[in-house]
Amino acid sequence: MIGLVDVNNCFVSCERVFDRSLVGRPVAVLSNNDGCCVARSNEFKALGIAMGTPYFQLKDREASGELVFRSSNFELYGDMSRRFISVLRDEALEVEQYSIDEAFIRPPHLADGDFAAFGRRLRAKVLRWTGLPCGIGFAPTKTLAKIANEKAKKLPDGVWLLPDDPTETLASLAADDVWGVGRRLVLRLRAEQIFTARDLRDAPDDLLRAVGGVTLLRTAMELRGESCLDERDYDADPESITCSRSFGEWVTTKEGIVESVASFAAQAAEKLRRHAMLASGCNVFAQVHRTAGGGEFVERTAVFPSPTDATNEIIAAVRPVAEALFVPGLGYRKTGVVFFGLEKAGTVRQLDLFTTVAAAESSPLYRAVDLLNARYGAGKVFSASEGVGAKSWAAKRSKLSRRATTRWDELPVVH
């Protein structure tokens, strides 16, 4: 059994943890440079305001007190994400983080087999320890778990177990709403009379290969209950990008930790460019063993001065974070990075009222590096671990809330 745990309206929920006046109000979090809505509360969605609506179109409704906006506070969201994942790691046998607010889990062995009860306990613990509400869906495969999670988030207790025969559920779900399908296949699926997830599940393998190749076939197999997806098979526009590895032997030096993080950051940056995306920040983590009894994860967050896919800029930002993870005398078994706040390269942004509209572009230097490595072999051309430094200007965040969990001078004060 696989569970998918997903924080409800993650960015807004993080804001509400430290500002209770936002609870019950229509709240949206804005993109970089306060451009458009990228996260919305249920109250905001109920007003019919679409995702991606530009902020300038809604200013009057903010001035009247109808709507509330916050700038993207990636330091807060990244830290809250780490806390969320740490709770899952305490309770589940395996945790595979899919995005900043989602993770697949393998529950522990349950004597009574009551996954719904386990889900309710886990959800209550996440809420108690982090303040973040979440939904948890259980199913035999990751694709089915995504469907179960969507059902769970609409229930009062936030937990749903896919029935043994999910035919009715699949028949009520459009095929292009299935995780991994995407809207690019809509017309081709409809031409083959594939309208629902049930139709997709029951379609012949040869037809599925002809329409969407092996990726679509794997999705259909997942709908049939056959687990066959791993991290490499996730959809073309991920919400986060991860790269991590366990070491072949213990690492006990700062240089080893920094070099491994730099290597994984470079690999993840290549994935960014492959998807034509930019990242706003990065979670860096390491598995450390303080005693002979077992290990624990330590983590830090780096927020980039502006969204980027340039390896040298990313390494320059994560290097001090990686150094901070190292404690002399301890053994390290694993490190990794998780990029978050992803956006498409070329996204148009307004820096301020008096600045020309600019587009965040993919790095031409590292596109050339990727081509060289593709031709001559991976790793033939690489960046020095120290990088070239970050850009001096920072994204506009005029509605930024307190970075209440990462800055001493912004900690909440109780009077």
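Colleague: What is the relative accessibility of arginine 83?
Modeller: In this predicted model, local features need pLDDT of at least 70, side-chain atom pairs count only at pLDDT 80 or more, and totals for chains, interfaces and linings use all residues. Residues are numbered from 1 along each chain as its sequence is written, and side-chain values use heavy atoms, leaving out hydrogens and water. Buried means under 20% relative accessible area, exposed over 50%, and partly exposed in between (1.4 Å probe, protein chains only). Arginine 83 counts as partly exposed, at 37%.

Colleague: How many residues apart in sequence are lysine 153 and aspartate 6?
Modeller: Their side chains meet in a salt bridge of 2.9 Å, N to O. Helices (H or I, at least four residues) and strands (E, at least two) are DSSP runs, numbered from the N terminus. Lysine 153 lies in the loop between H6 and E8 and aspartate 6 in strand E1, so the pair ties together parts whose separation in residues is 147.

Colleague: In which order do the five strands form the open sheet?
Modeller: Two strands pair if DSSP finds at least two bridges between them. The pairing is mixed, and the edge strands E5 (94-99) and E8 (159-161) each pair on one side only. The order is E5-E6-E1-E7-E8.

Key:
Salt bridge = Lys/Arg side-chain N within 4 Å of Asp/Glu carboxyl O.
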